[in-house]
2 protein chains.
Amino acid sequence: MSMNRAVDSSDVEMLPQPYLLFLGDTTERGYAKTAFGLRDWAGERCIGEWSCAGATVSADLPRLTPREARARGARALVIGVANAGGVISDSWIPSLIDALESGLDIIAGMHSKLNDTPLLKSVAERRGRRLIDVRTPPRNISIASGRKRSGKRLLTVGTDCALGKKYSALALARAFAKRGIDADFRATGQTGILIAGSGIPMDAVVADFEAGAAEMLTPDSPPNHWDVIEGQGSLFHPAYAGVSLGLLHGSQPDVIVVCHEPGRTHILGYPDYPLPDIAETIDLNLRLGRRTNPAIRCAGISLNTSGLDTGAACRLLAEESVRSGLPVADPMRAGAEFERLVDACLA
Amino acid sequence: MSMNRAVDSSDVEMLPQPYLLFLGDTTERGYAKTAFGLRDWAGERCIGEWSCAGATVSADLPRLTPREARARGARALVIGVANAGGVISDSWIPSLIDALESGLDIIAGMHSKLNDTPLLKSVAERRGRRLIDVRTPPRNISIASGRKRSGKRLLTVGTDCALGKKYSALALARAFAKRGIDADFRATGQTGILIAGSGIPMDAVVADFEAGAAEMLTPDSPPNHWDVIEGQGSLFHPAYAGVSLGLLHGSQPDVIVVCHEPGRTHILGYPDYPLPDIAETIDLNLRLGRRTNPAIRCAGISLNTSGLDTGAACRLLAEESVRSGLPVADPMRAGAEFERLVDACLA
């Protein structure tokens, strides 16, 4: 992203970059979402792609061997694919060793850890290279202080998981930067961390340190600087609400944007749990968020209309805006609605 | 505690018992709170005490060497003291090795881990004994399912940390048992776990698994069985609210009892955070708790009046009961008020 990183005073470590994206032996585009997300949102960090024999999926980046990528300045190979089990496939190992031998670190956000793979570990140690599992939180997180910090913060919150909180935050951060505003996207999940080049996997933090991790992620910054924070889970989620509340309290947002997918009626994977409505979601986030930032407000609503055609999407955005009295936009559909949402965030 | 353990179908592991309490080289009674708590609430699990040269504090239990304790049936030595740093003092090591050599496991709930002490680890391995750090959560916690479970559950919740949630739950569980009701105290912190002989340290669980840990701690049970669950933190705490919400959602309480210390005006250690009032605490816990148990209700209020004389305490309990319209008692002061609170829990 093209945002100013000079203001970044966070203690959160930056990932080595630029990246060579690794596509494994993937033949299904759906398994390469991380690579596509990186290409779309962090294109300037991606100098090429590499894959094993048998791969048919491409991110349409220059194809470079690890050695060529290193010569062009790459510092890390990023595993940009998943497979069904979220594991490191045996067929990838020769390519990963090649990367280490070529002088690249390896970064992964999968369930199974690079650091639990003895062969990779021994090669990395011998070559002085790093294996970075972005799902592993930093070790030096403090208990939250609750202290008010300088600078501005926006948090995307949701009626559920997996409906656009990351993309909404990315689009808003990019729109802020386009208007010349000093802004950082703050990542809280593995894909976001790869895109931002830093962040904290909030779901992997020990519960006592959850709000403290959010404070660490969004430190003091200049008065006009914005942290645009990727939300996690939902306060209404029967498993993850604690993650959402720790993130809300610790990030002390001045502004929330509520994310929702029209047509979703129940919590994903929890058919006994109806989705809360948007008004209820706004109300509960403001009530709980007020505890650490009494000035919190809701700037508007982000709807994921990827399942609708343009006409139907526009009608829905307009209706929902009238109903709620707030700006309503789909950040993936640029236009006047989205600019109004940005205006309201910055108002 | 004298509660029926036959119904315990929890997957949570039981600690080896009975215990020999270890008092270290303590000369300050304040550092021996865990030992006193164990004596008062789990007397039948404690067959004696042991200490190093220099100790002046006693829990008034028979003084037994580890060998004598083992001969009388003890299965573990419990470190019942803390020192300023929460570490394992060098001067304790000979006694701890003596315990392992005598055939006892060692249990501790301190910040520093038995299993991080190489000398103890090697002796324990050689003797086939266990070093149990009760602050380490089990490895097999699942993501919460949100599924309604059989049996009844009570959770103590609070306006803040450290004001009586554990003692209130212990007193209520004991009172339920006295009335012939099948009940288990469910421990969520290290001292509670030592008292109960099992439990999960909720503050040490990875955030994503917080509600799942609470589900694991309070599994399906017979329809008339009660789990009486030790609360943690407060929904209003700027650092720990996520822990409290995960515990509330996962434990799906039918009944909450709100714990408060009269005169406390701010969150402990957070002078910028005023304490919420009791009515607000009830309202927010019921609103959030309803998500996983729509039938949740507040049975009453538990006040920690340890700082007041008997007359002042009685007046305060009566006033607060009139004000709130709920039973209000100090569980440490047995009497008609407490019996009314128990009635209301079971109603």
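A polar contact is a pair of N or O atoms within 3.5 Å; within protein, one of the two must be able to donate a hydrogen and the other to accept it. With that in hand, the place where the two chains meet can be explored in this predicted model. Across the interface of chain A and chain B, 14 residue pairs are in polar contact, with both partners at pLDDT 80 or more.

Which elements of chain A give two or more residues to the side that touches chain B? They are the helices α7 (210–217), α8 (241–251) and α9 (278–289), together with the strand β11 (270–274). Helix α8(A) gives the most to this side, with six residues. Sorted by type, the residues on the side of chain A that touches chain B comprise 23 nonpolar, eight polar and seven charged.

How many residues does each chain bring to the contact? Chain A supplies 38 residues, and chain B supplies 38 residues. The size of an interface is often given as the accessible area lost when the parts come together. Here, chain A and chain B bury about 3,000 Å² between them, and 52% of that area is on carbon and sulfur atoms.

Charged side chains also pair up across the boundary. Two salt bridges are found across the interface of chain A and chain B. One of them links Arg287(B) with Asp283(A), whose closest N and O atoms are 2.7 Å apart.

Arg186(B) lies in strand β7 of chain B, which covers residues 183–186. Is this arginine buried or exposed? Arg186(B) has a relative accessible area of 4%, and because buried means under 20%, Arg186(B) counts as buried. The side chain of Arg186(B) is joined to that of Asp227(B) by a polar contact of 2.7 Å.

The cysteines complete the picture. A disulfide is a covalent bond between the sulfur atoms of two cysteines. Over all chains, the structure holds zero disulfides. Cys46(A) is in no disulfide, and the nearest cysteine sulfur, belonging to Cys52(A), is 18 Å away. Why does Cys46(A) count as buried? Its relative accessible area is 8%, and the cut-off for buried is under 20%. Cys161(A) is likewise in no disulfide, with the nearest cysteine sulfur, that of Cys259(A), 12 Å away. Cys161(A) is also buried, at a relative accessible area of 18%.

How values were computed. Residues numbered from 1 in each chain as written. Chains lettered and ligands numbered in written order. Predicted model: local features only at pLDDT ≥ 70, side-chain atom pairs only at ≥ 80, totals over all residues. Heavy atoms only, no water. Contact = heavy atoms within 4.5 Å. Buried area = accessible area lost by both parts, 1.4 Å probe. Salt bridge = Lys/Arg side-chain N within 4 Å of Asp/Glu carboxyl O. Helix = DSSP H or I, 4+ residues; strand = E, 2+ residues; numbered from the N terminus. Nonpolar A, V, L, I, M, F, W, Y, C, P; charged D, E, K, R; others polar. Disulfide = S-S within 2.5 Å. Buried < 20%, exposed > 50% of the residue type's maximum accessible area, 1.4 Å probe, protein only.
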